[in-house]
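Please look through this structure with me, point by point. My notes follow below.

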Amino acid sequence: MKVLQVSAMLGAAIAVHGHSIFQRVSVAGADQGQLKGVRAPSSDYPIQNVNDASFACNKNIQYHDNTVIEVAAGDPVGAWWGHVIGGAQGANDHDNPIAASHKGPIMVYLAEVDDAATAATTGLKWFKIAEDGLGNGQWAVDKMIANKGWHNFTMPACVAPGDYLMRVELIALHSAQMTGGAQFYMECAQIRVTGSGTNSGSNFVSFPGAYKANDPGILINIYDNKGTPNNAGKPYAIPGPRPIKC
Ligand SMILES: *[C@@H]1O[C@H](CO)[C@@H](O)[C@H](O)[C@H]1NC(C)=O
Ligand SMILES: [Cu+2]
């Protein structure tokens, strides 16, 4: 009986942390495989300090293979999120791919590198290629949950060929009304863009550096006076620069 009670309490404690990890890529509908070409930690914990030295591609990376994923400019791309490495944490995991409370945007950045398999993650110049925030009361995270962990976007058709780190970032805003309360989840994939694009980016930013703790999309109360997480019907200002336009 005691043991059962303790494990029930542990279960509840774990359920409180409905975090997430980006760990799989699809290109033009082809699943590239679990952790193939994605650098990931084993921990699903967020970073909450926008000045964290590991804000680009997360810390304590445990998974880092030599795969470089080919993406033709213009391809549809999917980024798959799971609660923990592998997806669900046990049976009936209601917090997979992420706890439903974790409303917020999902963004994709690229940084050009010499060799995506081995590139260091500091000192890079990042540009944004995709972003989704809040529309019609639905957050990017809501769509990702409805889509079984997949966040789909298009590799812009004008992106110049070359190796890039592709940083996919989700911000959970459920406690973002306190400074330092926003939760940042990010991993980087190793990709090689092909095609005849000529756009090597613009509006470059650094990580850390791109965000401030009090940016309007980071220090924010997303609840209306009834507690609905709809930003009280106001538009949501997605952090960082706008994506490139082709
Ligand atoms: C998103 O991409 C995944 C992986 O390719 C696919 O299974 C899913 O159907 C796509 N979802 C939508 C809504 O396009
Ligand atoms: Cu969480």
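1. Start with V27. At 8% relative accessibility, V27 counts as buried; the word means under 20% relative accessible area, while exposed means over 50% and partly exposed lies in between (1.4 Å probe, protein chains only). V27 belongs to strand β1. Helices (H or I, at least four residues) and strands (E, at least two) are DSSP runs, numbered from the N terminus. Setting aside neighbours within four places in sequence, V27 is in contact with Q32, I69, E70, V71, D75 and P76. Contact here means heavy atoms within 4.5 Å. The C-alpha atoms of V27 and V168 are separated by 15 Å, with the two residues 141 apart along the chain.

2. Some ground rules. This is a predicted model, in which local features need pLDDT of at least 70, side-chain atom pairs count only at pLDDT 80 or more, and totals for chains, interfaces and linings use all residues. Residues are numbered from 1 along each chain as its sequence is written, chains are lettered from A and ligands numbered from 1 in the order in which they are written, and side-chain values use heavy atoms, with hydrogens and water left out.

3. The record comes next. An unreviewed UniProt entry lists residues 19-226 as "domain: Auxiliary Activity family 9 catalytic". UniProt positions are given in the numbering used here, feature names are shortened, and annotations may be inferred rather than shown by experiment. Over residues 19-226 the chain is 3% helix and 36% strand. The end C-alpha atoms of that stretch are 25 Å apart.

4. Which residues coordinate the copper ion (ligand 2)? They are H19 through ND1, H102 through NE2 and Y185 through OH, at 1.9 to 2.5 Å. Donors are N, O and S atoms within 2.8 Å of the metal (3.2 Å for Na, K and Ca); water is not among the atoms, so sites may look incomplete. Along the chain the donors follow the spacing H-x82-H-x82-Y. H102 is buried, at 2% relative accessible area. Y185 is buried too, at 1%.

5. Now the open sheet. Its 4 strands come in the order β2-β1-β6-β11, with antiparallel pairing. Two strands pair if DSSP finds at least two bridges between them. β2 (30-31) and β11 (150-154) stand at the edges with a single partner strand each, so one side of each has no neighbour in the sheet. β1 (residues 21-27) and β6 pair over 6 bridges. In that pairing R24 stands opposite W80.

6. Is strand β12 enclosed or open? 11 of its 11 residues are buried, so β12 is largely enclosed by the rest of the structure. In a regular strand the side chains alternate between the two faces of the sheet. In β12 both faces are covered: G162 and Y164 are among the buried residues on one side, L165 and R167 among those on the other. β12 runs antiparallel to β7, joined by 8 bridges, and antiparallel to β13, joined by 11 bridges. Y164 is the bridge partner of E112, and L165 stands opposite Q190.

7. D163 deserves a look. D163 sits in β12 (residues 162-172) and is buried at 8% relative accessibility. Its side chain reaches the backbone nitrogen of A116 at 2.8 Å. A polar contact of 2.5 Å joins the side chains of D163 and R192. Such a contact is a pair of N or O atoms within 3.5 Å; within protein, one must be able to donate a hydrogen and the other to accept it, and residues adjacent in sequence count only if both atoms are side-chain atoms.

8. Last, the cores. A nonpolar core is a set of buried Ala, Val, Leu, Ile, Met, Phe, Trp, Tyr and Cys residues joined through side-chain atoms within 4.5 Å. The largest has 34 residues, of which M155, M166 and I191 touch the most other members. β12 gives the most to this core, with 5 residues. A second, separate core of 32 residues includes M107, A116, L165 and M186.
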